[in-house]
Amino acid sequence: MVRISDIFKKHPQERHSRAEHKPKEEPPKETIPPPPPQDANSMHIAKIIKETASDNARYDNLYLAGIQLIKEILTGTEQSKPADLDRTRAWIENITESLFFNDKEFLRLFYEYASENYMYTHMVNTAIMSAEIGLGLGYNKSQLNEVGLAGFLHDIGMAKVGNLQMQERRLTEAEYSRIKEHPVYGADILSGIKGVSEPVIYVARQEHERVNGTGYPRGLKDGEISEYARIVMIADVYEALTHNRPYRKKISAHDAIKELISSHPLFDSAILKVLINKLGIYPLSSWVQLNSNDIGKVIINNNEFPLRPVVHILFDSTGRRLREPQIVNLSKQFNLFIKRALGYEDLASEIKERLEGS
Ligand SMILES: [Fe+2]
């Protein structure tokens, strides 16, 4: 078996060569750091800064290439044009290769990017999170690519139900029944594309099933649902909870984990555990309050000490935004700890209350 790491060791320069939308290698002009200072150590740091800026631009471009790709696929599907599978495979391979090396940039984009139609972000994000879970399950390269592809295309059937998902109003019973047909449409569409494997088709058909038999379209249970579908259903729900929809607001990453845990009979518990291990108790971008009452955002997880991530402190204990935000590594500052996680509602009222009280 060829491992991804072996390929990269031999051909590091080819890491992203298969992507049709090749990311730019240089950062935009305004992000180019100042000329490096003369001493060797400073020159080394300047080089790292430059490479990091370049890397970030590359991740952004790769993520945006996925948004553009799924937009074209969904629009093409509405007009009965088959998806460009080679280009799609090339994109997903780039994503899984980056995730394999523990790149957290895609997770940042997962939480922060919003597209004009939430379906585009949803499908890119579900691909990323499905592959991330696959990594946690020890999948090899081809399994990662397949589960990532399945996550990317899982809702392709939505292209055949009009724009019902974009409605802000409550759907009628008839409209909701129509939406519930999208798994069957999706499986049919994917069956018509040459080269799409059976497991990917199964995911489109089964990702709304639930392991306790309460899902649709067939009410399948446990092992009757494919493993990839049991992965994608968790990635799909987590993504939906952590992003706004026209008819409801998102909840925080921490609350989304709690919600999944409380709905555990619906999901494969071993796969859910893998997701929680991967994301941490306080996932990236969660808002937390420390025992000092300062409020900040989790920016780096600590797998060894999940209760002690790195936090970007943005508001002080009086609720005022800091002029110079601080970065606190809780695994090094033992006098500080997380007192509680804050949802978006808590955060707004917490800061408002403090400002009014000051
Ligand atoms: Fe779906």
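How many of the 15 residues of helix 10 are buried?

**Entry 1: the model.** I am working from a predicted model, in which local features need pLDDT of at least 70, side-chain atom pairs count only at pLDDT 80 or more, and totals for chains, interfaces and linings use all residues. I number residues from 1 along each chain as its sequence is written.

**Entry 2: helix 10.** I looked up the cover of helix 10 and found 12 of its 15 residues buried. A residue is buried if 20 or more other C-beta atoms lie within 10 Å of its own, exposed if 12 or fewer, and partly exposed in between, with C-beta atoms placed from the backbone. Among the buried residues I noted Tyr228, Arg230, Asp236 and Glu239. Their cover includes helix 5, helix 6, helix 9 (198-206), helix 11 (253-262) and helix 12 (269-279). Helices here are DSSP runs (H or I, at least four residues), numbered from the N terminus. Helix 10 covers residues 227-241 and reaches 22 Å from its first C-alpha to its last, close to the 21 Å expected. The expected span is 1.5 Å times one less than the number of residues.

**Entry 3: helix 5.** I checked the length of helix 5 (residues 118-136): its 19 residues should span 27 Å, and its end C-alpha atoms are 27 Å apart, which agrees. Gly138 follows helix 5 and has a positive phi, near 80°.

**Entry 4: helix 5 against helix 6.** I then took the pair of helix 5 and helix 6 (residues 141-153), which pack at about 150° with their axes 7 Å apart. Axes are lines fitted to C-alpha atoms over the stretch in contact, and angles run from 0 to 180 degrees between N-to-C directions. The two helices are therefore roughly antiparallel, a term for angles over 145 degrees. I counted residues as in contact if their C-beta atoms, placed from the backbone, lie within 7 Å. On the helix 5 side the contact includes Met123, Ala127 and Leu135, and on the helix 6 side it includes Leu144, Val147 and Phe152. The residues of this contact divide into 9 nonpolar, 6 polar and no charged. Ala, Val, Leu, Ile, Met, Phe, Trp, Tyr, Cys and Pro count as nonpolar, Asp, Glu, Lys and Arg as charged, and the others, Gly among them, as polar.

**Entry 5: Ile189.** I found Ile189 in helix 8 (residues 182-191). Ile189 is buried because 23 other C-beta atoms lie within 10 Å. Leaving aside neighbours within four places in sequence, Ile189 is in contact with Thr77, Ile156 and Gly157. Lys160 is 29 residues from Ile189 in sequence, and their C-alpha atoms are 9.5 Å apart.

Notes: Parallel < 35°, antiparallel > 145°, perpendicular 65-115°, else oblique. Contact = placed C-beta atoms within 7 Å.
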